[in-house]
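Colleague: I have a two-chain model on my screen. Could you walk me through it?

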Amino acid sequence: MLKRFANDKKLSAEQRKSFADASKFEKEWRQQRLARAEYIRAAQSILPTALAAVGPAAPPPAIVVDDCAHGNTLPGTPLPNPGTSADATAKRAFIETKAVAKFYATVFGRNSVNNAGMKLLSSIHYSVNYNNAFWNGNQMTYGDGDGSIFIDFTKANDVIGHELTHGVTQYSAQLAYANQAGGLNESISDVFGSMFRQWDANQSVTQADWLIGKDIMGPGAIARGFTCLRDMADPAATHCLAPQPTKFSQYHDGMDPHYSSGIPNLAFYQAAMAIGGKSWLKAGQIWYQALTGFPPSPNLKMSAFAKRTRTLAGSLFPAEPAVKAAVNAAWTAVGL
Amino acid sequence: MALLHVERIGGLAGFGGAGAHVRSLGQLDLDTLSAEEQRAVENLFQSKGKSKATPIRDGFSYRISRTTSGRTETIEASESTVPKSLTQCVKDELV
């Protein structure tokens, strides 16, 4: 219709141009309208807490990027226009952080990490050859990598999603960082980091790579056959820089949370694969409610989290018993 | 000479963890540190590296060992509490 008006000689040149311009955006607009309708329908059929806040009252979060200029002092110097910066790291940190905020707002109705529009601050170029990214309780920090084992940590959008999700956990379940709660804390960040990566690429569960940190692996690591930090689909795989356990029987207190997280990571992967489609529409909604829909539980056990998801799978999708069966089978497979 | 053995652990990649193929090791002579850093190291050992729970996630920690009077002590401390000379003495490597 728009194209027809754009070519209608009865209309003025200005009017035809307006219709031609509008037609260029029509496809994308229709896709967005359909996606939004799908989320709202899911939200309305679902639960209590954050999803009730679709269309949050507070304004969306400000996205700020500071430059540490290879120093170790946080937050560094604010960059005036990071979204258009000539510094690719600054531009990436801004764009991907904004995309993560949009992911949480669109898919879960959450306004920033605290669900109240908290400013999202990222510090880049932290320290020298720094092989890490972290959340310090207030902000994200990214190193440039040493160029051999790792490259710039802003290059992996799942890593940016992972760090921001630590903020979401801090403002919701408040999971501790040791023992079972620590493993859950890390897993939640991997789950939502990977889910964000899939959402950003509009991938189905079978199209997704399920790798954590694929895009920050440096040439030295790749030459040795390491293609990721972790693989949610196969946590013990030899291509992982840090292979993980896959069964709860392998768990013991005192494990590094980045190690024990392999168990719930695999449970999420198996649930999402069995459910099929897009991970954020069903499995993701269940995990999000299990994280945010309960009072803070710093010492949550993995079995208690599994129980939450089993219950939620039934209550969120009562007409789809296959969803609950998938979640149940996934946890059972890892021994929980 | 009192030698400090330092290992950087944790972080997003889980440095030094079970099965991890990335680690970071270093050592340095305590006597080469400034008086201020020597005091900071002593304080870490006196407090056994313990500090109140922090909200930092994916941060590095440091495992520091020293041998005095034939006895080896090992502590773990978060990056922000460890003197710069120690955090800079380690080298990241694939294993």
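**A buried helix and an interface**

Modeller: In α9(A), A:Ala283, A:Gly284, A:Gln285, A:Ile286, A:Trp287, A:Tyr288, A:Gln289, A:Ala290, A:Leu291 and A:Thr292 are buried. Buried means under 20% relative accessible area (1.4 Å probe, protein chains only). Helices are DSSP runs of H or I, at least four residues, and strands are E runs of at least two, numbered from the N terminus. This is a predicted model: local features need pLDDT of at least 70, side-chain atom pairs 80 or more, while totals for chains, interfaces and linings use all residues. Residues are numbered from 1 along each chain, chains are lettered from A in the order written, and side-chain values use heavy atoms without hydrogens or water.

Colleague: What encloses helix α9 of chain A?

Modeller: Ten of its ten residues are buried, so the rest of the structure largely encloses α9 of chain A. The cover over its buried residues includes α3, α4, α5, α8, α10 and α11 of chain A.

Colleague: How many residue pairs are in polar contact between chain A and chain B?

Modeller: A polar contact pairs N or O atoms within 3.5 Å; within protein, one must be able to donate a hydrogen and the other to accept it, and sequence neighbours count only if both atoms are side-chain atoms. With both residues at pLDDT 80 or more, the count between chain A and chain B is 14.

Colleague: Which element gives the most to the side of chain A that touches chain B?

Modeller: Contact (heavy atoms within 4.5 Å) takes 35 residues from chain A and 22 from chain B. With five residues, the top contributor on chain A's side is α4(A).

Technical notes: Buried means under 20% relative accessible area, exposed over 50%, partly exposed in between (1.4 Å probe, protein chains only).
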